[in-house]
Each structure stands twice: as structure tokens, then as C-alpha cells.
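Thank you all for making the time this morning. Please bring the structure up on your own screens, and I will then talk you through a few parts of it in turn.

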Amino acid sequence: MELLMAIVIGILFMSATYLMLSKSILRIIIGTGLLSHGAHLLILTMGGLKGGSVPLLSDKVASYVDYVDPLPQALILTAIVISFGVTSFLLVLAYRTYQELGTDDMEEMRGTEANE
Amino acid sequence: MNNLTFMPVLWPLFTGIILIFFAKKIKLQRGISLFSSLIGIVISLYLVLSVNNQGILTLGVGSWDAPFGIVIVADMLSSLLVLTTNIIGSAILIYSFYSIGKERETHYYYPVFQFLLIGVNGAFLTGDLFNLFVFFEVMLMASYVLLVLGGTKIQLRESLKYIIVNVLSSAFFVIMVAYLYSVLGTLNMAHLSQRISEVNQPGIISVIAIGFLIVFGLKGAIFPLFQWLPGSYYAPPIPVMALFGALLTKVGIYAIFRTYTLMFYHDQNFTHTFLAVLGILTIIIGVIGAIAYWDVKKIIIYNIIIAVGVIIFGISLMNEQALSGSILYIIHDMLIKAALFLLVGIMIKISGSDNLRNMGGLIKQYPALAWTFFIAAISLAGIPPFSGFAGKLLILQGAAEKEAYFGMAAVLISSLMVLYSVMKIFINGFWGTPKADYTLAKNTVNKMLVPAVLLVVLSVLFGVGTESIYPFISQAVDTLMNPDIYIDAVLKE
């Protein structure tokens, strides 16, 4: 199971890198979204997938080995909320930038000459 | 357990929430913000004195004991930086009254300002690695809004780059936290430090240490990761630029301070040598930028990068002199960078241009501005008895002890170059014949000058009175040199 997760995370990171290297803002934003998904899955996997039982004491679970570690889940929840907020802000900003500058191409947003 | 520890975070939070309700009442917003930031200074001063009396203060949030819950830790380094942050925040706030403009003031500038302070203070005070990530995000969120507020073309363009870079570094932060958790099974910094010394830092931990260096280096703008900084800091109005330049990069440096002295200090041949090389390269790149530009904002922005390099080099040496030098230098640099940005802002406002070639002769009409700038400039270069001197001297002593002569040379030559770059502003901006008819009333200039003068006076006092501040600094260094003090304070309560 851990191996499968590792492959999935790898694919997510790969696609994210590919998308973030493109010129269009929208592709870059989707890339950052995929990147944070990959990072969240990574936390989950790194906490250990184990037996998959809920982390509550009860008679039905044979031993503590089966318990899933609850901490990574709390971490993921926080990280998801943050990345959700940032992504929505980024989308609005990209739209405003497109309205103001009339382009969604990062190549045309260098502005080094304009600053001098 | 001491609730005082968390007050520097809670206080701006309350203020920010209250300010949101009065978004359209500018006078009231100014009054509340100013009052709150002055109280903030009092709180953090009290925090510094309590830490001085009682040693490290901790607070387990929600009464969960460390290492199970999140713990807030105020040691000397954190509380000194919190105090500096609050002082700079107040000064920049006063400056904003005269320069930020009505439009921004009615569009939640002051609440977001407070939220930025929450993030910065929180990042300094937290004792939990994931909580550090959360406070970084709070700080970044506020900085995104401040950067884009106003919505001019250059701001929109540069915020886009700034946000994408920071989203990337946040993802990296989460990834590194995940790796560290899987190796050591904890995220409390004191507990991490304990466990790393139990296993004596195997290779995997060193890899994670470098990963964290990438994360914090992106925030603190060290050598290969600084390219976003000159463009992004150039875009916003002067008060926001001063806030970013003085505070945001320093949070990244503080995180390197904390992780590299508390946790990843067992394999110094690898990690700290790496840090030293990056520090020296950062100094060199910063110097090239600072002397190349004729744009006053760009010159000061590249001076941020030089200071980052000097502090990083100091941390990499890991001995008592160099660390106390770094702490002195980081506080000095926060004060003086904020002051310089504010002064440069006044110059731009008077002459209507940020290019030095279009300025000149300002000293005739505005002598007070000129001499304040002069003092700030020579403090930045580290001329005794001003504030940059003691920090640099101690870093150089530390370097001599470690026989890091190349780094010593870099720091010394960079001081000369820094002096050249700021004197270029002074000579071209204040001497010579006026290039235009400067019409800005003296009264306005004097009002804007007040916060800058306050910061410069403070930094002069900091420089002259280094001897009397030194007990505080050495208490901070004690904790950094002996991680056991920190671990005991957090875990044995």
C-alpha cells in the first residue's frame, strides 16, 4: 500500500512540475494545486497507513498496531485549508491580472526593463 | 505555563478583528492601530524582562503538555525579536498615516497590517514545527494582501510571482515536515532536538536539514533562492516595502537560526559548511546588486540581501561570539532597514522619481532629512560607535576563531561596498545642484520624518549602549549554544 501511494505521489509531483513550467497562469495554478495534493498525500503516507482502524480505544481492535496515527490527519486538515485559501486567492488575482494587463503569459510579465 | 507568552500574538489578533468593523472610519482606525501597537511594545518589553528574570517561558496551548500539544516558547532570542518587530511595526504605522493614501486606508490596510504582525510574532514564538508552518502562512497571507492592495499593474504582476514562489516553498515545507515526522515521530522542536541527538543525526536527517534550508532560504532570500525578492519588494508602496524588508526576510533567518542551532547541529562539517558557503555567495551577489543600480529602492533592497548573507555566515560559525554577533546584527538590521526605507520613501516623495540621476541638492531645503539619512547610512555600514559595528565585530571574531578567513574577507569588503552604495545615495541625492524645483512643504516632510528619526535614534542607542544590552544577548546565545536549556524548559514542566 505504501509503495502504491509513493507512486501516486510521484505522478502528482511530476504532473505538477510539468504544469508549473508552462507559461500560462492557469496551468501554473493547477500545477500548484496538484503539488499541494501530492504533499498532503505524502504526510498521510509518512504517518504510516498501518491497519486502517480509527484511533479510538475499543474492544474490536486487536492491538494498537492497527490504529492509524491521528496526528498526520490533523496536519493534513490544516494544510488543505491553507492551500485551499491560497489557491482561491491566486485564482482571483490571476483573473484581475488578466483584466489589467491583458495577458496570461508569464513571459510577458517580466518587467525588468520597465523597472529601470 | 504562562499566558503572557502568547499575548504578542493575541493582542494584534483582537485589534485586527476590531478594526475590520470600522473599515470606513479612517481616524478611528488610525487611533486604534496606534494605541494597540504601543500596547504591543509594552507587552513585548514586559515579555523580554520576564524572560530575563525567570528564564524561558512556555505555554502548552489548550493545556496539552509538550510534546503532545502545541507549545509556545519565549526564549531570549524570540522575545527580543518580538520586541523589535513591535517597535518597527509602530514606526511604520505612523509613517503610513502620511503616505499610504485614503484608498488603501479604507480598504482594510490597517487590519491586514495587524494580521501580518500576528504571523511574524507567532513565527518567532512557536515551539512546534508544524505550528511554525501555520504562522508562516498567516504571515504570507497578510503579505499577499498588502502586496496587492491598490491593484496597480506592477503590483499585480509582481504579486503573482511572489505568491507562486511562496506556494511552492509552503509545499516544500509540508513535504519536509512529513519526512521529519516519519523519521522521528514528533514535531515539537525540543522533542525533535532530543531525538536527533539520541540517534546522532544520520544522513537522512542531514538531507532533511538541507530541505528545510531550501524552505527557509526561499523566505529569507539566501543565494540561489533570492531572485523573487528584488522584483516583488519593488512593487508595493514604501510603508509596505519597509515592513517586508525589515520583517519578512528576518522570519526566514530566525527559522534557520532556530533549526540549525537547536536541531541540526550534530553534522556541522556538512550542514554548517554548506550554510557558510551560501552565506558568502549571498553577500557577493547582494553587493553586486547594491553597487550596480541607480534606483534608490533597488539599492536598499539589495542591501537586505547583503545583511542576510552576513547573518547566515554568522550562524554557520556556531560559536559564542559569532552567534551573539548574528543576534546583534539581525536586530540592528531590522531597525536600520526600516529606517532607510522610510527615508528613501521621503526622498522619492520629494523628488518625484526613484532614480538617483533625477535627484540632487536635497540637503539645502531638507537638512534634517539629509543628516538622518547620513547617520542611518553609516550605521548600516557598521562604523563605530553606531549599531552595525558590534555585530560585525563579533561575527568577525567568531570567524577568526574558526579560521574562516575567506568569509571574514567577504564580510569586511562587503562593509566597504555597503558604505559605497549608501554614500552614492547620499552624494547624488543630497549634494550637488537641485535637479528640479522641490515643492513639498517642510511641514509634511517633518511629519513623515518622525518615525524614521525614532528608529535611527533607537539604533544609535542600540549601538552606543551595546554593552548594557549585552547581558540579554548572551542569555539568548546561552540557549542557542546549549540546546539542553531549551529542551529542559519545554519538556520538564
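Predicted model: local features only at pLDDT ≥ 70, side-chain atom pairs only at ≥ 80, totals over all residues.

Staying with chain B as a whole, its secondary structure comes to 21 helices and two strands. The radius of gyration of chain B is 21 Å, close to the 23 Å that the globule rule gives for 493 residues, so chain B is as compact as a globular protein of that length. Along the principal axes, the C-alpha atoms of chain B fill a box of roughly 70 × 55 × 45 Å. If we take the contacts in chain B with a separation of 6 or more, 80% of them are between residues 24 or more positions apart.

Now to the helix pairs. Two packed helices are described by the angle between their axes and by the distance between those axes.

In chain B, helix 7, residues 153–184, and helix 9, residues 203–220, have axes that come within 9 Å and cross at roughly 155°. An angle over 145 degrees counts as roughly antiparallel, and helix 7 and helix 9 of chain B are therefore roughly antiparallel to each other; their crossing is left-handed. On the helix 7 side of chain B the contact includes Phe172(B), Phe173(B) and Met176(B), and on the helix 9 side it includes Ile208(B), Phe212(B) and Lys219(B). The residues of this contact between helix 7 and helix 9 of chain B divide into 14 nonpolar, two polar and one charged.

A second pair in chain B is helix 3, residues 76–99, with helix 11, residues 238–263, which pack at an angle of about 170° with their axes 9 Å apart. Helix 3 and helix 11 of chain B are therefore roughly antiparallel to each other. Among the residues that meet are Leu81(B), Ile88(B) and Tyr95(B) from helix 3 of chain B, and Pro239(B), Leu243(B) and Phe257(B) from helix 11 of chain B. By class, the contact of helix 3 with helix 11 of chain B has 13 nonpolar, three polar and no charged residues.

Leaving aside its neighbours within four places in sequence, Phe22(B) is in contact with Leu28(B) and Gln29(B).

Turning to chain A, the axes of helix 1, residues 2–20, and helix 2 of chain A come within 8 Å and cross at roughly 160°, and these two helices of chain A are therefore roughly antiparallel to each other. Helix 1 of chain A passes helix 2 of chain A in a left-handed crossing.

Finally, how many residues of each chain are in contact with the other? The contact takes in 28 residues of chain A and 24 residues of chain B. On the side of chain A that touches chain B, helix 2, 25–46, and helix 3, 70–101, each supply at least two residues, and helix 3 of chain A gives the most, with 15 residues. By class, that side of chain A has 18 nonpolar, eight polar and two charged residues.

Methods. Residues numbered from 1 in each chain as written. Chains lettered and ligands numbered in written order. Helix = DSSP H or I, 4+ residues; strand = E, 2+ residues; numbered from the N terminus. Rg over C-alpha atoms; globule rule 2.2 N^0.38 Å. Contact = placed C-beta atoms within 7 Å. Axes fitted to C-alpha atoms, helices over the stretch in contact; angles between N-to-C directions. Parallel < 35°, antiparallel > 145°, perpendicular 65-115°, else oblique. Left-handed = near helix turned anticlockwise from the far one by under 90°. Nonpolar A, V, L, I, M, F, W, Y, C, P; charged D, E, K, R; others polar.
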